[in-house]
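Colleague: I'm new to this one and would like a quick tour. Can you put it up on the screen?

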Amino acid sequence: MKASDFRRIALSMEGAEEGSHMGQPDFRVGGRIFATLASEREGYGNLMLTPEQQADFIAELPDVFVSIKGGWGKMGMTHIVLKKASKDVLTGALLAAWKNRVEKNVKGKKKSSVKRSKLRSPKPSL
């Protein structure tokens, strides 16, 4: 696979849009990043997975998936080696990252609704 395949597949996800983070291409849903091409020059796409998903992907295909170094990797950020990934593997990994973001977006909206309702003062009783 190539960066162009990564881009095409990422943008095929419902609601996905391409943006830019620190001058590098990223892919967002609901305005939030689920994948990037920040490491394209090194031959990687980057995925926002959970630490558990990351461990599963790496265990299954250690030549294709690599934890990003440092704290980002500990949080689940994962490189996918584009030239070693099949279309099905890349699609599945991007879909997992996209689903994670969609679920977080929904949870975030619920939390912000609760916070807003707590900020409103109750109507005084007359």
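Modeller: Let's begin with E18, which counts as partly exposed at 38% relative accessibility; buried means under 20% relative accessible area, exposed over 50%, and partly exposed in between, with a 1.4 Å probe and protein chains only. Before going on: this is a predicted model, where local features need pLDDT of at least 70, side-chain atom pairs count only at pLDDT 80 or more, and totals for chains, interfaces and linings use all residues. Residues are numbered from 1 along each chain as its sequence is written, and side-chain values use heavy atoms, with hydrogens and water left out.

Colleague: OK. What does E18 form a salt bridge with?

Modeller: With R7, and the closest N and O atoms are 2.9 Å apart. A salt bridge here is a side-chain nitrogen of Lys or Arg within 4 Å of a carboxyl oxygen of Asp or Glu. E18 lies in strand β1 (residues 16-21) and R7 in helix α1, so the pair ties together parts that are 11 residues apart in sequence. Helices (H or I, at least four residues) and strands (E, at least two) are DSSP runs, numbered from the N terminus. R7 is partly exposed, with a relative accessible area of 25%.

Colleague: How many salt bridges does the count come to?

Modeller: Three, by that rule. Another is D5 with R8, where the closest N and O atoms are 3.1 Å apart. Both residues lie in helix α1 (residues 3-11), three residues apart, about one turn of the helix. D5 is buried at 16% relative accessible area, while R8 is partly exposed at 43%.

Colleague: And which residue does D26 form a salt bridge with?

Modeller: D26 pairs with R28, the closest N and O atoms being 2.9 Å apart. D26 is buried, at 0% relative accessibility, and R28 is partly exposed at 23%.

Colleague: Changing topic: what's the order of the strands in the open sheet?

Modeller: The open sheet has six strands in the order β1-β2-β3-β4-β6-β5, with antiparallel pairing. Two strands pair if DSSP finds at least two bridges between them. β1 and β5 (65-67) are the edge strands, each pairing on one side only. On average, neighbouring strands of this sheet are turned by 40° against each other, direction ignored. Axes are lines fitted to C-alpha atoms, for helices over the stretch in contact, and angles run from 0 to 180 degrees between N-to-C directions.

Colleague: How many bridges do β1 and β2 pair over?

Modeller: Six, in the antiparallel sense, with β2 covering residues 24-29. The two strands form a hairpin with two residues between them, and M22 in the turn has a positive phi of about 55°. R28 in β2 is the bridge partner of E17. β2 also pairs with β3, antiparallel over four bridges, and there D26 stands opposite T36 in β3.

Colleague: Which strands does helix α2 lie across?

Modeller: α2 (residues 51-60) lies across β5 and β6 (77-81), running at about 135° to β5.

Colleague: Is H79 buried or exposed?

Modeller: H79 is buried, at 11% relative accessibility, and is found in strand β6. A polar contact of 2.7 Å joins its side chain to that of N46. That term means a pair of N or O atoms within 3.5 Å; within protein, one must be able to donate a hydrogen and the other to accept it, and residues adjacent in sequence count only if both atoms are side-chain atoms.

Colleague: Where is N46?

Modeller: In strand β4 (residues 44-48). N46 counts as buried at 4% relative accessibility, and its side chain also makes a polar contact with the side chain of S39 (3.4 Å).

Colleague: Last topic: how many residues are in the largest nonpolar core?

Modeller: There are 24, and those with the most contacts inside the core are F6, F34, L47, I80 and L94. The elements giving two or more residues to this core are α1, β2, β3 (32-36) and α4 (87-119). α4 provides the largest share, six residues. A nonpolar core is a set of buried Ala, Val, Leu, Ile, Met, Phe, Trp, Tyr and Cys residues joined through side-chain atoms within 4.5 Å.

Colleague: What is L47 in contact with?

Modeller: Leaving aside neighbours within four places in sequence, the contacts of L47 include F6, F34, F65, I80 and L94. Contact means heavy atoms within 4.5 Å.
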